[in-house]
Amino acid sequence: FLKLSPINRRRLDNFKRNRRGFWSFWIFLICFVLSLFAEFIANDRPIIASYKGEILFPVLKTYPEEKFGGFLAETDYRDPEIAKEIEANGWMLWPPIRFSYRTHQRDLPTPAPSPPTWWLSDAQCKSVAESCRALEWNWLGTDDQGRDVVARLIYGFRISILFGLILAGVSSMIGIAAGAVQGYFGGLTDLISQRFIEIWSSLPHLYLLIIVS
């Protein structure tokens, strides 16, 4: 195990005593790790498929539609004809959510943006299915273009957190390098560099003020 210094041990104990912060950290960590596997949770491609005895991995590889009797460069596995062809000659294992962040649904029971499927009555779903249970559920509904909100949240969460982590890492490296140069040379270099950093750090605020005004 990692041996902590007394001061770091005290900091960790203080953090654990903050129950709200401690459990929020674990919830965030679990959500982040799960979002790294977004393609296996929400996708309009099967995770794995078997077709005429061949095992395929559509989630990892793009197969041309001609492989399944079509003519497009990329297979649309949600196409009823393609799905019927694969099921007749094999099987498909789908993710829990059968929509990607960019999947446009054209057979919604109500106009987009559509409410969550579990809010709808069977009478509202009658136009596209016998009942709402027969539909592929949109747990939080869709946006104005018919894209599943949950799928977009999963993918959006991943890219936002990764962008923030990369930005923090790059900023730290630049800051350490700039601080090292200023500390080593000192004098005029330190003075000019510090003024430049202050001006640079205020630019986002100036840009925001310009937009608001």
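Reply: Arg-152 forms a salt bridge with Asp-143, with the closest N and O atoms 3.7 Å apart. A salt bridge here is a side-chain nitrogen of Lys or Arg within 4 Å of a carboxyl oxygen of Asp or Glu. Side chains of opposite charge can pair when their charged atoms come close. Arg-152 counts as partly exposed, at 32% relative accessibility (buried means under 20% relative accessible area, exposed over 50%, partly exposed in between, with a 1.4 Å probe and protein chains only).

Asp-143 also meets Arg-147 in a salt bridge, at 2.8 Å from N to O. Asp-143 is buried, with a relative accessible area of 15%, and Arg-147 counts as buried at 15% relative accessibility. Salt bridges that share partners also join Arg-78, Arg-98 and Glu-136 into one network.

The model is predicted: local features need pLDDT of at least 70, side-chain atom pairs count only at pLDDT 80 or more, and totals for chains, interfaces and linings use all residues. Residues are numbered from 1 along each chain as its sequence is written, and side-chain values use heavy atoms, leaving out hydrogens and water.

Arg-78 lies in the loop between strand 2 (54-56) and helix 4 (80-89), and Glu-136 in the loop between helix 5 (122-125) and helix 6 (149-185), so the pair ties together parts that are 58 residues apart in sequence. Helices (H or I, at least four residues) and strands (E, at least two) are DSSP runs, numbered from the N terminus. Arg-78 is partly exposed at 26% relative accessibility, and Glu-136 is partly exposed at 34%.
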